[in-house]
Amino acid sequence: MSQHRPVGTPGRAGAVPALPDLPEATVARLPEYLRALHNLAETGNDTVSSEELAAAAGVNSAKLRKDLSQLGSYGTRGVGYDVALLIDQIEFVLGLTQCRAVALVGVGNLGHALAGYAGFAGRGFRIAALFDADPTRLGEMINGLVVRHIDELPQVAAEESIAIGVIATPATAAQSVADQLVAAGVTSILNFAPCVLAVPDGVDVRKVDLAIELQILSFHEHRKAALTGLPATAGPGTALGTPNGTTRGGAAPAGLTALPGGLAATGTTEAAPAGTLRSTNAEAVGS
């Protein structure tokens, strides 16, 4: 099948098409495809195979083809995908055909770094306003923007048509800031504060918690360390739950490292209890 674009997509004559109703897991992968496609375009690639694009995005090719087919995009056999066309399609679906104004609240160390990051503009966003409640921060100039008091948020949000807010405050202030953003008409929030926000229906929140990500990596480090402590050899047929292996519900035999939750650090393929993390591939989560 040849690659095609829905009739009326930006850049083509006709009516604007309806957006596809995509699974959240697919939406989460589209930015990775877009990043890889931009890299390919910058290196002079006009077409790309599903295998090459999947490898660049860190997913398997079957999943990529399924995701892109939901956008109405099908690669040409023997040729692959048109890079420029696919960039257009994904940017349209992600709403990146317009530059979206963003309000950043909290200009401490993290907020200061975010405010000075030059990469947002190339991804379809501009930091339009900076806010803080600390009197020592007010009036500070960061990347051409003046830090304003949070009380000015409603006026500035209306003037700049801000629909996305970024919270980079301490956790103790995050809920209050979220309430103020919602009251000012902001309907999407990116939260860097280590807390869960309560927001009304119709407001989308994405949470970025670096400590949680490090704790997940710590689990994998712990697991790898446990696996490297296993005996060099094991007798044929030895498995968990067998007379020559571990006893169910009991302590792990010598040479095996017990993990929390009754797991033993082994390479067994025995079915894991419900709820047990069975894969170190983060892509499997939510796919």
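## Ground rules

A residue counts as buried with under 20% relative accessible area, exposed with over 50%, and partly exposed in between (1.4 Å probe, protein chains only). This is a predicted model, in which local features need pLDDT of at least 70 and side-chain atom pairs count only at pLDDT 80 or more, while totals for chains, interfaces and linings use all residues. Residues are numbered from 1 along each chain as its sequence is written, and side-chain values use heavy atoms, with hydrogens and water left out.

## The aromatic pair

Let's start with the rings. Tyr117 is partly exposed, at 47% relative accessibility, and Phe120 is partly exposed too, with 26% relative accessible area.

There is one aromatic pair in the structure. The ring centres of Tyr117 and Phe120 sit 4.9 Å apart with their planes at 90°, so this pair is edge-to-face. (Rings of Phe, Tyr and Trp, the last by its six-membered ring, pair if their centres lie within 6.5 Å; planes under 30 degrees apart are stacked, over 60 edge-to-face, and the rest tilted.)

(Helices, H or I with at least four residues, and strands, E with at least two, are DSSP runs numbered from the N terminus.)

Strand β3 (residues 100–105) runs parallel to β7, joined by four bridges; strands pair if DSSP finds at least two bridges between them. Here Leu104 has Val166 as its bridge partner in β7. Strand β8 (residues 188–191) also pairs with β7 in the parallel sense, over four bridges, and Ile167 partners Asn191 of β8.
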